[in-house]
Amino acid sequence: MMSELYPVSNEIRLAQRLDGLWRFRFDPRGEGMAEDWAGRGLPDPISMPVPASFADLFTGAAQRDYCGDFWYETDVFAQEVRPDERYSVRFGSVTHRCRIFLNGELAGEHEGGFLPVTAEVTGLIRPGRNRLTVLANNELNETSIPAGAVRTKPDGTKAAQGYFDFFNYAGIHRSVWLVRTPAEAIADYSVSFRLEEGAAVVSYCVETEGGGDGQISLLLTDREGREAARAGGRQGEMRVPHPHLWQVRNAYLYTLTIRLTKDGKLLDRYDAPVGIRTVAIEDGRIRVNGQPVYLKGFGKHEDSEILGRGFNYAVAKRDYECMKWIGANCFRTSHYPYAEEWYQMADQEGFLIIDEVPGVGLMRSFANFAAAGAGKSNGFFGDCPDVELLGRNHRAAVEEMILRDRNHPSVIAWSIFNEAETTTPAAHDYFAPLFAAARQLDPQKRPVTGVLEKTSSPEKCRCWPLMDFICLNRYYGWYISGGDLEEARRQFEEEMDQWAEKAPNVPFVFTEFGTDTLDSLHKLPSVMWSQEYQQEYMEMNFRVFDRYPFVQGELAWNFADFQTGQGIMRVNGNKKGLFSRNRQPKEAAWAFRRRWAQK
Ligand code: GCB
């Protein structure tokens with residue numbers, strides 16, 4: 001596996017961003033490979049911004065809803081090509097799968113649309129102009145995640161049917177880089193922490209690539225650039241006396257400078273921010289640096305007008321400002337790992353992240369989210385067409401996510417699935433190895449969890465014992481007993497009483513609860529979809545959460561309104577946001593702001 005180090009430029013390394021206006025072509029008949037579009041250049045291309053989803057840029061439904069193969073192409077100018085260096089192109093993600101070509105030659109391929117794709121192009125790259133081509137595909141099936149299906153219409157066009165409640169945005173959603181590293185290079189590193197009386201012990205491991213016997217040295221400096229610790233060797237410990245800890249909403253980042261040298265010559269260097277903190281579940285509490293923390297925040301989406309799922313710093317900045325205003329300290333990357341820049345910003349802002357793989361849609365039904373919310377599950381693992389292949393793809397996503405994100409202090413837990421079928425022995429057999437893999441892969445041994453929908457009830461769920469803390473998505477007062485909050489509360493408490501008996505001492509976090517709410521609708525007495533109803537529903541939920549001391553967090557669904565497929569359940573998307581899609585607060589946001597200031 002290629003290094004997952006985020007690209008940087010310094011005196012040794014080059015990271016050249018290739019974002020901009022690329023050339024693009026839909027390939028509805030899948031002709032591009034046979035006609036060698038990678039070698040000959042895209043015929044009659046149109047322009048396409050990178051990064052962005054393609055769907056919302058057009059005025060036609062055919063382009064918005066396009067499903068199948070599509071191609072991107074750009075020119076990469078290399079001023080020089082050094083014979084003794086390695087070159088690669090790195091995509092933050094390409095949704096959902098891709099093949100990468102340089103100058104017509106296949107350089108790499110990747111399954112999964114939410115994690116980086118790195119293709120080594122050493123030997124293929126030439127001085128001057130090079131042609132970089134991407135063949136992408138956004139079809140959904142039941143052997144990869146997120147799960148779904150494709151329907152072929154009578155005219156031969158395809159339509160994606162996700163078993164999930166978000167628009168099947170596709171494209172090059174994150175930055176693309178040309179990366180140059182030395183032949184003998186730092187490939188990756190990891191850190192983990194132990195707090196002792198008056199000191200922190202940082203255990204580290206550095207991996208190198210390209211052979212050679214260069215020496216590794218590490219220097220940890222504080223925010224003022226003063227030395228905090230140093231060490232030598234590929235593996236070891238550093239003692240930091242009187243450490244400045246990374247705290248929730250009060251971040252402190254050191255800089256770890258890793259150097260690879262040989263005979264006094266600097267071969268490679270990589271600087272990384274490091275937040276010293278511990279995460280553990282102890283005495284039924286989620287603890288950061290030993291202190292219990294109540295999680296307050298949201299399930300989010302990478303979603304905004306025009307960009308779709310394309311990463312944009314300004315949108316992300318606005319989201320963090322809104323989350324700070326409302327008093328949040330946490331979010332879940334529902335339902336897929338987000339662009340790396342989200343985590344870098346969370347590291348700086350002191351936000352906590354539950355990092356989720358795209359393990360969503362693993363319950364077959366017409367509209368999974370709706371059936372799930374109402375407790376109607378139709379199974380999955382027992383009759384999935386190739387459960388082993390699905391498991392391999394799922395495991396690859398778990399591995400790649402942990403490898404990518406393990407050094408972020410903001411990441412406090414790994415979520416292996418959202419609302420999967422968990423009530424059969426087949427589901428347990430499917431998930432047990434994925435939980436084990438996550439535990440084994442993470443040097444920091446963070447908690448591992450999964451997100452349970454309504455049919456994963458205390459009596460029926462077979463997978464909750466795999467989890468270090470239990471995440472529940474519950475919609476009492478919306479999908480269940482909608483419009484009758486008193487009855488909803490009664491049913492909700494009935495379930496919670498069962499959990500209290502079933503799983504004593506396990507922390508619970510509500511990872512979803514919410515109501516679709518139109519920012520234009522007011523009504524007294526309240527009705528579903530009105531601003532007043534959202535507020536009353538939230539207040540009922542707060543009362544239930546506060547009755548059960550094992551509830552250790554509340555992540556409302558959703559941070560903002562977001563785009564979904566069309567259907568009778570959705571009014572131009574899911575409107576459960578506490579903020580509108582253009583990030584203005586709904587009325588209930590003030591109730592959260594008041595509550596979270598006290599919590
Ligand atoms: C859920 C899903 C989420 C949906 C949400 C809803 O349970 O996890 O993806 O968007 O419900 O609003 O129905």
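## Ligand site and neighbouring elements

In the ligand site, an N or O atom in the side chain of Y475 is 3.3 Å from an oxygen atom of the ligand. The model is predicted, so local features need pLDDT of at least 70 and side-chain atom pairs count only at pLDDT 80 or more, while totals for chains, interfaces and linings use all residues. Residues are numbered from 1 along each chain as its sequence is written, and side-chain values use heavy atoms, with hydrogens and water left out.

| Side chain | Ligand atom | Distance |
|---|---|---|
| N418, polar atom | oxygen | 2.9 Å |
| E512, polar atom | oxygen | 2.7 Å |

Taken alone, the ligand exposes 320 Å², and the protein buries 98% of that; these accessible areas come from the Shrake-Rupley method with a 1.4 Å probe. Around the ligand there are 14 residues, the closest being D165, H335, E419, Y479 and K576; a residue counts here if one of its heavy atoms lies within 4 Å of the ligand. By class, this shell has five nonpolar, four polar and five charged residues. Tyr and Cys are among those counted as nonpolar, and Gly is counted as polar.

Strand β30 spans residues 470–473. Helices (H or I, at least four residues) and strands (E, at least two) are DSSP runs, numbered from the N terminus. I470 and L472 on one side of β30 and C471 and N473 on the other are all buried, where buried means under 20% relative accessible area with a 1.4 Å probe and protein chains only. In a regular strand, side chains alternate between the two faces of the sheet.

β30 pairs in the parallel sense with strand β29 (residues 448–452) over two bridges; pairing requires that DSSP finds at least two bridges between the strands. V451 has C471 of β30 as its bridge partner. Strand β31 (residues 508–512) also runs parallel to β30, joined by four bridges, and F508 in β31 is the bridge partner of I470. Between β30 and β31 the chain passes through helix α8 (residues 485–502) in a right-handed β-α-β crossover. Right-handed means that, with the strands pointing away from the viewer, the path from the first strand over the helix to the second runs clockwise.

The loop between β31 and α9 (531–547) contains T517. T517 is buried, with a relative accessible area of 0%, and its side chain reaches the backbone oxygen of T515 at 3.0 Å.

Methods: A polar contact is a pair of N or O atoms within 3.5 Å; within protein, one must be able to donate a hydrogen and the other to accept it, and residues adjacent in sequence count only if both atoms are side-chain atoms. Buried means under 20% relative accessible area, exposed over 50%, partly exposed in between (1.4 Å probe, protein chains only).
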